Amino acid sequence: MSRVYKFIFTKLVILIITYFIALSIAFVLPRIVPGNPVQSLIVSLASGSLSPELLSDYQRRLVEVFELNKPLHIQFINFLRKSFTGDLGVSLQSYGEPVVSLIARHLPWTILLLVPAIVTAWFIGNYLGARASYKRGSIFEKVTIGAGMVVSQIPYYWLAMTLIFALAVLPRELWGVDLFPPGSAYDPVLQPSLTLEFIISYLRHYVLPFLSLLLPSLGGWIISMRVIATMELGSPYIFYSDTLGVKDKILFRYVLRNSMLPQVTALGIQLGFVLSGQIITEQIFNYQGMGILLTRALGVRDYPVIQGVFMILIATVLLANFIVDFVYVLIDPRIRLGHRRD
Amino acid sequence: MKRLELRNVRAYYRLLIGNREADVRAVDGVNLEIRKGEILGLVGESGCGKSTLAKVMLMNINPPLFFKGGTIILYTRSGNSLEISKLNREKLKKDVWGKHVAIIPQEAMSALMPTLKIKRIAYDVLRSHNPDISLDETVSLLTKRLKELGLPDYVVDRYPFELSGGMAQRTVIAISTLLNPEILVVDEPTSALDVSTQKLVIKTLWSLAAKGIIDSMVFITHDISVVRQIADRIAVMYAGKIVEVAPTEDIIFDPQHPYTRGLIDSIISLEPEVRKRGLRYIPGQPPNLINPPQGCRFVDRCPFAKDICRKKEPPLIKINNDRLVACWLHVKG
Amino acid sequence: MSITELLYVLFNNKRFMIGFGIILFQLLLSFMGPLLYPVDPFSTDNPPWTPPNEVYPLGTDRSGRDMLAMIFHGIRNSLYVGVLTGLFTIAMGLVVGLISGIKGGILDEILMAMTNIVMLIPSVLLAILIITYIGYENARLELVAFVLSITAWPGFARAVRSQVLSLREREFVYLSKIAGYNSLKIAFQDILPHLATFTLVSFVNYINLGINGEVGLSILGLTPMNIMTLGKILYFAAITQAFILGKWWTFIPAGLLQVLLSVSLLLIATGIDEVFNPRLRGM
């Protein structure tokens with residue numbers, strides 16, 4: 001059992017180091033901008049349409065946020081302390097609202113969209129991929145793999161645009177039918193609540209962004225699963241069980257089970273990709289999650305918000321990765337019983 | 001008398017070289033019979049097609065390997081004869097594999113489904129043939145078989161990776177014989193094991209036959225010193241063909257085919273250290289099986305090659321009461 | 001096999017040929033297009049939101065930019081970013097992977113820990129942070145490619161390393177070591193040639209990643225404003241809400257071309273893999 005603890009401990013250490021390095025990047029980058037960073041930021045902001053009062057207010061806050069009047073090591077220590085205590089500063093734009101509360105308002109929408117899309121894509125994609133490799137040479141294989149190849153290459157954002165156009169705009173223009181709403185997470189006249197009306201509105205708004213995240217990811221899983229499952233199918237234990245007359249149904253279960261295991265680890269890596277897709281998807285759907293928060297902040301260069309979103313999203317990805325590793329330990333007896341390191 | 005009969009059996013690997021297809025004639029016109037109650041050794045150097053022949057005997061043939069022709073007949077305990085080379089996959093799976101013929105593959109460890117416990121693996125085998133069997137019944141059957149083979153019963157609750165190499169090999173033997181098949185095809189069962197474990201595995205195989213769990217066995221190996229411990233008869237394979245079949249002692253002390261002779265000489269005369277690589281000491285290389293020589297396939301390495309050897313393939317003929325050789329030296333006239 | 005024989009085999013591979021054909025067609029479009037259809041893709045002198053007609057074969061966007069001209073220039077610049085990303089990624093990955101695999105030891109551990117860490121950080125996020133702070137007003141396509149490869153190289157480096165490790169076990173590398181060749185010589189003479197196919201396939205895949213990544217960053221408004229790319233076209237469509245207004249010609253053709261580009265690159269990669277990697281044949 002101690003090998004298992006070691007495995008988890010190692011993963012935990014990697015996680016902490018990674019987060020620390022991510023934090024350091026977020027700390028170093030604004031400070032390596034040539035010249036006085038605040039001044040150069042202000043200059044670039046001044047070219048925009050901000051009023052002079054707002055500019056000086058920005059300037060004051062920027063100095064405050066980056067603590068540029070203090071020595072570098074103090075800045076770094078304070079930065080670390082603040083980020084671990086959840087003090088991510090205040091937004092330059094949203095009337096000084098703390099970044100943490102801004103994030104708290106946006107994060108749930110992102111997670112509620114992201115997690116089901118990732119999990120559904122994983123299960124369906126892997127099943128189809130394994131099925132396709134099992135039915136080698138069949139029409140089913142050709143169709144599944146062909147579709148998977150194309151769908152996996154469709155960019156999230158373009159799919160999002162096209163889905164809105166085809167399933168929300170076109171039906172209205174052609175037949176006057178409001179099939180799906182073209183954007184937003186729920187009907188803006190409603191307040192988020194647990195009423196039936198709100199939930200229905202939420203679900204109707206959910207379908208298109210969900211599909212736009214699901215499909216490309218699904219295609220990716222089909223393709224990668226097919227390679228893994230084909231390799232498993234050629235392995236000695238399948239031949240042996242086959243030659244003992246073990247039913248095809250059971251053999252397929254063997255292949256599925258063993259090919260799923262490496263895909264669990266891949267799930268952790270995929271997370272980052274889907275999240276990137278999500279950031280853009282939210283912008284196109286005007287879906288009020290972290291992506292929208294980030295793109296809006298990028299537009300007005302609201303640095304504390306950009307930094308805060310960066311840190312929280314990375315922490316989320318790292319945490320999810322850790323959970324995935326943990327699940328892997330639980331489901332693979334070889335690791336659970338300490339016979340393989342990873 | 002006969003248990004399994006192979007008549008002119010051919011099976012080729014279809015390869016793509018660049019964009020051209022080519023056939024590797026791994027098993028090319030094999031004639032062989034396995035008798036009731038015997039242990040037949042099948043020897044040859046690696047790449048001669050003996051492992052392919054193992055798959056072909058069971059008719060478990062998957063691309064890129066293709067069955068090209070010939071007849072394989074199985075004679076069951078109940079007295080039926082079954083032409084298994086004519087059966088389709090479903091029928092083989094339902095009626096033949098596991099019930100009448102079973103295999104012990106080269107590497108036992110990788111032959112066991114890695115993420116299931118031994119009892120689950122056995123359960124999946126048994127319920128494929130008998131849907132009504134329960135896991136508990138499986139466990140008691142398996143425990144009984146393990147005991148017969150001298151294995152501890154805790155094995156049933158282990159995962160494959162928790163077993164040692166020798167233990168895994170013997171567990172595979174137990175699982176393969178759960179349905180008491182008439183024929184067991186054993187493919188290089190000892191190549192990955194140390195000498196003392198080898199002995200144990202061979203003893204286990206021996207006791208299978210002695211206890212009547214199985215009836216006949218084909219023991220495939222590249223190592224004559226192993227096979228002479230267990231086999232009643234030995235068949236020597238070279239480049240996709242059987243070149244000599246005879247009782248074990250005759251093969252060891254009086255080999256007739258020049259290849260068999262080379263094989264025996266290289267093992268008997270050299271020190272144990274060199275023995276393992278001994279087969280290399282026949283000068284030259286086995287022929288390319290995509291374009292094998294027109295005549296005898298051993299001709300380029302044979303010290304006694306004659307004109308006819310290059311032109312015509314020697315037939316496998318009976319030269320005395322229980323010995324078959326495929327060599328022009330033994331064809332009279 | 002000789003080079004000509006290899007090419008013969010490659011050009012007989014169905015997947016490779018389809019992919020190669022599509023790429024060639026798009027390259028032709030991007031280079032011949034601007035010559036045959038000399039319209040400034042940034043010019044706003046045309047009527048806005050014009051659907052495709054005889055004058056504007058693919059219509060115009062809200063500012064009156066000519067879609068066809070945008071696409072011609074877009075494909076070329078997107079391919080440029082893609083190829084550049086591929087080159088950067090392959091270069092970084094090869095260097096790190098080879099060092100890690102050949103030298104081994106503590107250096108290997110450190111480098112692999114580094115790849116582990118970079119792989120965990122979502123690429124778009126890192127790219128956003130870097131471009132935001134470096135200043136995207138003067139960002140150039142080269143910077144975009146560089147930023148994209150910063151997050152892409154670790155995967156390739158790890159793959160190279162594991163290939164090197166398995167190659168190292170082979171006889172010829174062992175012999176070179178006995179012969180006293182230094183690591184650099186071994187890397188170039190013995191190992192690199194064996195990685196050629198794998199590197200080529202990865203290169204094609206990273207071109208694809210670069211093209212896709214550029215569009216992603218463009219949609220977030222993080223790429224140079226004065227250079228037309230496929231991403232920029234979709235960016236304009238996104239900020240003008242063209243898809244909600246039903247102006248399909250401003251994003252459907254550009255997106256389809258991009259999917260086509262990606263699929264053909266994937267086909268090329270699979271084709272090369274099939275031809276050179278016998279295990280995958282007949283799959």
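Where is the place of A:Phe326 in chain A? A:Phe326 sits in helix α12 (residues 303–331) of chain A; helices here are DSSP runs of H or I with at least four residues, strands are E runs of at least two, and both are numbered from the N terminus.

Before going on, a word on the ground rules. This is a predicted model, where local features need pLDDT of at least 70 and side-chain atom pairs count only at pLDDT 80 or more, while totals for chains, interfaces and linings use all residues. Residues are numbered from 1 along each chain as its sequence is written, chains are lettered from A and ligands numbered from 1 in the order in which they are written, and side-chain values use heavy atoms, with hydrogens and water left out.

With 38% relative accessibility, A:Phe326 counts as partly exposed (buried is under 20% relative accessible area, exposed is over 50%, partly exposed lies in between, with a 1.4 Å probe and protein chains only). Areas come from the Shrake-Rupley method with a 1.4 Å probe, and for residues only the protein chains shown count as cover.

Five of the five residues of β7(B) (residues 183–187) are buried, so the strand is largely enclosed by the rest of the structure. B:Ile183, B:Val185 and B:Asp187 point one way, with B:Leu184 and B:Val186 pointing the other.

| Partner of β7(B) | Bridges | Opposite residues |
|---|---|---|
| β6(B), residues 101–104 | four | B:Val101 and B:Ile183 |
| β8(B), residues 216–221 | five | B:Val186 and B:Phe219 |

From β7(B), the chain crosses through helix α7 (residues 195–210) to β8(B) in a right-handed β-α-β crossover; with the strands pointing away from the viewer, the path from the first strand over the helix to the second runs clockwise.

**Chain C: helices**

Chain C has eleven helices and zero strands. Its C-alpha atoms fill a box of roughly 75 × 45 × 30 Å along the principal axes. Of the 283 residues in chain C, 57% are buried. The accessible surface of chain C is about 12100 Å², with 66% belonging to carbon and sulfur atoms.

Methods:
Pairing = 2+ DSSP bridges.
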